[in-house]
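Hi,

Here is the structure I promised to pass on to you.

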Amino acid sequence: MQVSDHWPAAVVARITAPGETFTAVAPPPWQDRAAGGRAGDRGKRGVGKPRIRLHNIGFGLALLVILLLLAQARRTQEDLLRSNQAFSRSAEVLTTVQDTLSALQDVETGMRGYVITGTDAFLQPYHDGNRRLVEARARLRQLVGNQRDAAWWGRTNHDIDERLRLAKVNVDLRRRAGLEAASQSVAQAGGKEAMDRVRSLLGELEAAERERMMVEGRAVERRVAEFRRWTTWGTAVALVLLAAALLSVHRSLVQRRQALHLARAGEARQRAILDAIPDLLWQFDTNGNPRLLSSDYGATLPPALLLAIRSALPHVQADSAVHTLTAQEASGQVFEARLVAIDDGHLAIVREVTEFIVQERALRDQHDFLRAIVDSDESLVFVRSAGGRFTLCNIAFAATMGLTPSQVEGRRPSDLAGQRIIEPLLQADDALLQGEDEWRADRVRIVDVREQERWMQVLKRPLVRSDGQRQVLTVVIDVSAQQRMERMKDEFISTISHELRTPLTSIRGALGLVVGGTAGELPDSVRPLLEIAHKNTERLVRLINDILDIEKLQWGGLSLQTHRLPLRAMVAQSIDQIATYAREFEVTVEFGPGDDGVVEVDVDRFAQVMANLLSNAIKHSHAGGVVEVSVTRRDGGLQINVRDHGEGIPENFRPRVFERFAQADASDVRRRGGTGLGLAITQSLVEKMSGRIGFETETGQGTRFFVWLPEAMRLNDPAPSNTADDLTPYVVLLQDESALADELARVLREHGYRTLLANDIARARELLQSPNAKALAIDLGSAGTSARGVLRELRSEPEFRSLPVLLLGIRPPSVDSDGLRGGAVGVVDWLGKPLDPEQVAEAVRTTLRDPSRRFEVLHVEDDEDVCALLRTLLQGHGLNLHAAGSLAQAREQLSHRRHDLVILDLKLPDGDGSELLEELARARPPTPVIIFSAQDGGLAESRAVLRRLVKSRHHARELATLILDTLRHWPAGGAQKEETG
């Protein structure tokens with residue numbers, strides 16, 4: 001209770017026994033005179049007669065208008081609440097309809113996934129969809145009730161039950177009879193028709209609810225407009241009345257100030273004291289009797305507070321500080337009294353603090369509640385102020401340093417013993433304090449007080465206080481388990497790659513040999529069975545490759561080895577490779593004229609992209625149809641177009657063309673094959689090569705897929721062939737130092753060879769087109785760091801893949817840094833400056849060796865079946881094939897003889913096969929290497945090899961062909977040792 005602006009009219013207390021109340025009944029002496037003066041004035045003015053004041057009328061009318069407005073507002077609020085409930089119900093009906101359709105779609109997706117793969121993991125959405133469907137149907141029945149007739153409910157329930165029954169039949173059939181029977185059931189059972197009927201029935205309900213919402217919305221708009229009119233006029237009237245009332249009050253106050261002027265002189269001292277006191281002021285005499293000094297007529301001291309004050313009075317001395325006490329009444333009210341001693345007793349200031357106590361308890365409870373929530377979170381949570389102090393942290397954060405929250409809060413990181421532990425979590429705080437909205441980090445490594453490595457995901461956001469000060473809230477989630485799972489996933493994929501691809505390579509190769517007649521003529525009754533086995537082995541291999549590829553693309557584990565290559569040549573090669581597949585479907589692939597240029601791509605992955613697009617177009621073409629392929633220049637790049645003239649892509653499937661396991665018509669999968677992963681993989685590969693992919697389709701007219709790739713460089717016009725009239729074999733020298741060219745030409749002339757000088761790669765390419773060009777020599781002093789790029793560019797083109805290369809330089813490069821040794825890019829030898837004539841002659845003789853001798857080939861592979869398969873394929877081709885099942889055996893074989901070629905598996909029982917690359921690169925000349933491994937990840941640039949084949953992605957026959965081609969054209973090093981034993 002606050003002190004009035006006017007001096008009180010009565011202050012006296014009647015003293016009773018403890019527990020009784022005290023009531024003010026008489027005015028003090030100093031007020032008698034003022035009251036008498038005012039009474040005299042009022043008598044002169046005749047104030048004794050009752051009269052109605054104008055401001056009371058004004059306030060009353062204004063209050064009446066406000067009450068009317070409140071009543072109208074309440075009516076409007078009730079109408080709006082009813083409308084809101086109707087809206088909420090309609091929205092819930094619409095949501096339930098969508099949940100029903102979504103649940104049916106999940107049942108369909110789970111059933112089809114299980115039918116295609118036979119994997120129980122795909123039944124999870126199937127079961128979840130059934131469970132959600134039961135809930136959605138019950139909720140829909142509860143919401144709609146009798147708004148729909150029984151016939152509608154009957155048709156809806158019948159169609160939903162029919163769709164669920166068909167899905168269950170297909171799942172059961174897949175378990176009992178396998179993929180083919182289940183696929184036929186999916187195609188013929190009529191599930192699509194049932195689903196369409198369900199959509200139609202639920203669509204009727206959805207349309208009715210939307211119409212009801214529109215009607216209700218218009219009614220709400222009318223009510224709101226009416227309320228606005230009431231509010232506008234009512235507010236205007238209330239303001240006018242209040243203004244008139246305030247003017248009347250102002251006049252009344254002026255009159256009162258004139259009347260009080262006479263009393264202020266005597267009341268000045270007491271008014272100065274009491275005006276400074278916000279609450280009731282009581283005076284206690286030496287006997288403990290209270291007297292009210294404030295102006296609150298009828299104010300009483302609560303019994304419990306009176307007892308507490310009387311008990312405390314003996315302890316409050318004149319020289320002691322203010323004594324504060326509280327007391328709670330039986331009614332629940334809480335009062336506070338502040339006691340101070342004076343000459344003739346004590347003064348007590350009394351106030352009611354019930355609301356304050358309640359608020360204080362609420363704040364304390366809220367603080368405890370917030371603390372409990374923060375401390376129960378396993379995530380690390382902390383808040384830092386602009387000064388760097390921790391204003392809040394939870395138990396999990398403090399525990400990382402072996403502390404408690406109370407030991408952290410209020411301190412800076414530098415004040416804590418665990419500053420080193422949490423330092424990685426404090427980055428970016430300054431940026432957020434300066435205005436940044438958010439900061440995230442997916443992986444932050446810390447080592448906690450127990451020396452355990454933990455990986456954290458960090459989110460930081462600013463907190464702005466009411467006074468404008470900014471603080472930083474940090475939430476840190478421990479993703480160590482996820483990190484371990486990703487590491488386990490890497491190891492699992494590596495194991496799957498090796499343990500599945502290696503035996504499949506043997507199975508596919510052996511079946512290919514038997515079907516091809518290598519093992520003799522097959523009986524007519526056996527051949528179809530082996531052809532079925534061979535065909536399905538190929539399907540299984542493609543499935544495994546697609547699954548591993550999509551998994552690696554998803555978590556970023558697929559690396560690319562890009563090269564700059566002419567585009568049309570690669571497209572033409574892809575068309576040649578798929579010709580057999582096209583003939584199976586009686587489809588012709590035509591490559592039309594168009595533009596050409598150089599693009600930077602991974603050769604194998606580009607071939608995979610083209611194979612997916614071409615096979616997709618072939619499968620969807622009619623027998624006798626044509627697939628058109630073209631290359632055009634567009635938007636600063638080159639665009640590959642693959643067009644078929646099939647039925648086109650259904651409109652409802654177009655948004656899902658590039659989704660995983662997406663099939664436009666699952667019933668057609670058996671005839672056309674495929675897993676639904678090809679286009680998803682194609683899109684990811686194209687994007688990783690900085691390109692983009694899209695399609696255009698028209699129902700009944702076919703589809704055009706297009707792949708756009710940035711153009712790395714334009715091709716020059718074809719240069720004229722070497723027209724030298726001398727047919728002597730020559731070596732092309734890429735350099736710009738004439739003295740070195742003359743020296744090399746002189747040395748080679750003495751041994752029957754000539755040299756042709758090229759100042760740039762374009763001229764070198766022109767000279768190397770001639771069949772008389774036998775080798776390429778590169779001066780590193782001229783080519784510099786671009787030598788590796790030149791070699792990789794040449795090696796990526798088929799006509800230069802087996803070209804011998806000589807490097808001229810001051811010193812041989814480091815294997816780990818330059819990547820220019822041996823199998824890295826097919827270097828025959830390193831020739832130091834100044835040139836040694838004998839070394840040059842030996843290198844050239846090695847390049848132009850006699851192809852009639854037997855070659856020594858080392859096959860490093862731990863799988864005996866793969867070794868036996870390769871030995872069979874290479875039998876009778878004039879080479880000695882030596883096998884090594886481990887790194888130790890390989891090193892032993894390398895120590896016995898010089899090898900012309902090494903076929904290397906990377907995953908060996910005693911280590912990584914890539915450890916041999918440096919040893920092979922140190923040979924003089926370096927030994928070329930072909931990697932044939934199930935491991936599909938990229939090697940470092942310094943360990944690139946002549947060629948890399950992936951088990952199950954490349955046939956064993958491809959490996960054999962590459963080996964024979966390499967041995968016929970690739971340089972071998974040094975003198976050969978005779979085969980013994």
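**Starting with a sheet**

Strand 1 (residues 280-284) and strand 2 pair in the antiparallel sense, with three bridges between them. Two strands count as a pair if DSSP finds at least two bridges between them. Helices (H or I, at least four residues) and strands (E, at least two) are DSSP runs, numbered from the N terminus. Along this pairing, Phe284 sits opposite Pro290 in strand 2.

Before going on, a word on what you are looking at: this is a predicted model, where local features need pLDDT of at least 70 and side-chain atom pairs count only at pLDDT 80 or more, while totals for chains, interfaces and linings use all residues. Residues are numbered from 1 along each chain as its sequence is written, and side-chain values use heavy atoms, with hydrogens and water left out.

**Helix 9**

Helix 9 covers residues 354-376. Its 23 residues should span 33 Å at 1.5 Å a residue, and its end C-alpha atoms are 32 Å apart, which agrees. (The expected span is 1.5 Å times one less than the number of residues.)

Which residues of helix 9 are buried? They are Ile357, Arg371 and Val374. Buried means under 20% relative accessible area, exposed means over 50%, and partly exposed is in between (1.4 Å probe, protein chains only). An α-helix has 3.6 residues a turn, so residues three or four places apart point the same way. The buried residues of helix 9 pack against strand 4 (334-342), strand 6 (380-384), strand 7 (390-393) and helix 11 (405-408); contact means heavy atoms within 4.5 Å.

**Salt bridges**

A salt bridge is a side-chain nitrogen of Lys or Arg within 4 Å of a carboxyl oxygen of Asp or Glu. By this rule the model has 37 salt bridges. Here are some to find on your screen:

- Asp106 and Arg132 form one, with their closest N and O atoms 2.3 Å apart. This pair links distant parts of the chain, as Asp106 is in helix 2 (residues 54-117) and Arg132 is in helix 3 (residues 123-144), 26 residues apart. Asp106 is partly exposed at 24% relative accessibility, and Arg132 is partly exposed too, at 26%.
- Glu438 and Arg461 form another, with the closest N and O atoms 2.8 Å apart. Glu438 is in the loop between helix 13 (429-433) and strand 8 (439-447), while Arg461 is in strand 9 (residues 453-464), 23 residues apart. Glu438 counts as partly exposed at 33%, and so does Arg461 at 40%. 
- In the bridge between Glu216 and Arg223, the N to O distance is 4.0 Å.

Most residues other than glycine have a negative phi. Asp635, though, has a positive phi near 50 degrees. Asp635 is in the loop between strand 14 (626-634) and strand 15 (637-643), and is exposed at 56% relative accessibility. Ser690 also has a positive phi, of about 65 degrees. Ser690 is in the loop between helix 20 (678-688) and strand 16 (692-698), and is exposed at 52%.

**The whole chain**

How many helices and strands does the protein chain have? There are 30 helices and 29 strands. Buried residues make up 43% of the 981 residues. Among contacts between residues at least 6 apart in sequence, 66% join residues at least 24 apart. A search of the whole structure finds zero disulfides (pairs of cysteine sulfur atoms within 2.5 Å).

Cheers
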